[in-house]
Amino acid sequence: MTINQDIARNVELLGKRSGGLKPRVGIVLGSGLGPLADDVTDATVVPYEDLDGFPTPGVGGHVGRLLLGKVSDTPVAMLHGRAHYYETGRANTMKTPVRTLAALGCETLILTNAAGSLREDVGPGSVMAISDHINLTGVSPLFGESGDGKFVNMVDAYDPALRARLHATADSIGLTLHEGVYAWFCGPHFETPAEIHAVRVLGADAVGMSTAPECILARHAGMKVAAMSIVTNLAAGMGDTGLSHDQTLSVAAVAAGDVRKLLLAFLKDWPA
Ligand code: HPA
């Protein structure tokens with residue numbers, strides 16, 4: 001099966017199971033952000049196993065199901081569970097899921113993640129809108145892609161108008177929304193303090209192991225992207241303690257409440 005056949009089959013199956021729901025916004029839930037799935041009303045839930053080319057997420061905090069339904073009356077397709085580059089050594093593990101969302105009709109993709117902060121003033125529990133990224137992995141999810149469409153323009157990859165709306169929404173609900181540059185490290189090990197020092201000099205505000213490949217895939221598929229990080233820790237060498245995935249999950253679970261409120265308000269009265 002080619003990837004296009006996989007996507008066509010996925011679109012057909014999802015259309016049948018959801019009674020023809022046409023999602024306008026795709027949402028990817030990051031580590032610890034699972035509770036956001038509870039905000040999808042009239043949800044049709046499809047396990048990734050039922051879909052072609054979808055990964056089996058193998059990381060704690062990531063399930064593996066697609067929800068079709070509405071958030072604040074806006075039709076959405078939510079990916080509850082993502083796969084990461086470090087799980088397979090392939091950067092394109094989210095290619096079919098992202099393209100399936102585009103083929104379903106999603107014009108926008110909202111990416112969420114847990115990240116380490118490089119800024120003392122943006123501590124654990126903070127929420128940060130991503131303004132740009134630095135890809136430190138040396139790989140692309142578009143390796144091997146045919147056609148000239150693969151030369152994706154990455155200027156304003158994180159849509160400035162959507163970001164402005166995200167800030168306006170945060171203001172309207174009294175939430176402090178920081179903004180910064182996200183550096184994509186391959187993981188699964190955390191960074192060394194020397195690496196953190198280096199990327200601070202390069203202009204990064206946060207670090208993490210996801211999101212950038214999905215942004216590249218979404219831009220290639222013609223979707224607009226908005227992304228936000230939940231800061232779960234100060235980056236390596238900045239705090240008193242070492243880093244752990246348990247900490248990522250527990251802090252993200254607490255801050256998930258803020259992201260949840262922000263998304264509910266953001267998706268209300270979604271522009272025509
Ligand atoms: N580094 C990389 N990924 C992360 C971190 C971090 O400090 N925190 C949460 N995800």
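The model is predicted: local features need pLDDT of at least 70, side-chain atom pairs count only at pLDDT 80 or more, and totals for chains, interfaces and linings use all residues. Residues are numbered from 1 along each chain, and side-chain values use heavy atoms, without hydrogens and water.

**Helix 3 and helix 6**
- The axes of helix 3 (residues 95-104) and helix 6 (residues 212-220) come within 9 Å and cross at roughly 40°.
- Lys95, Val98 and Arg99 of helix 3 meet Glu214, Leu217, Ala218 and His220 of helix 6 (contact means heavy atoms within 4.5 Å).
- By class, this contact has 3 nonpolar, 1 polar and 3 charged residues (Ala, Val, Leu, Ile, Met, Phe, Trp, Tyr, Cys and Pro are nonpolar; Asp, Glu, Lys and Arg are charged; the others, Gly among them, are polar).

**Surroundings of helix 6**
- Helix 6 is largely enclosed by the rest of the structure, because 7 of its 9 residues are buried (under 20% relative accessible area, 1.4 Å probe, protein chains only).
- Its buried residues pack against elements including strand 1 (25-29), strand 5 and strand 9 (224-234).
- Gly222 follows helix 6 and has a positive phi, near 85°.

**Leu111**
- Leu111 lies in strand 5 (residues 108-117).
- Leu111 counts as buried, at 0% relative accessibility.
- Leu111 and Met228 are 117 residues apart in sequence but 6.4 Å apart in space, C-alpha to C-alpha.
- Beyond its neighbours within four places in sequence, Leu111 contacts residues including Glu214, Cys215 and Met228.

How values were computed:
Axes fitted to C-alpha atoms, helices over the stretch in contact; angles between N-to-C directions. Helix = DSSP H or I, 4+ residues; strand = E, 2+ residues; numbered from the N terminus. Buried < 20%, exposed > 50% of the residue type's maximum accessible area, 1.4 Å probe, protein only.
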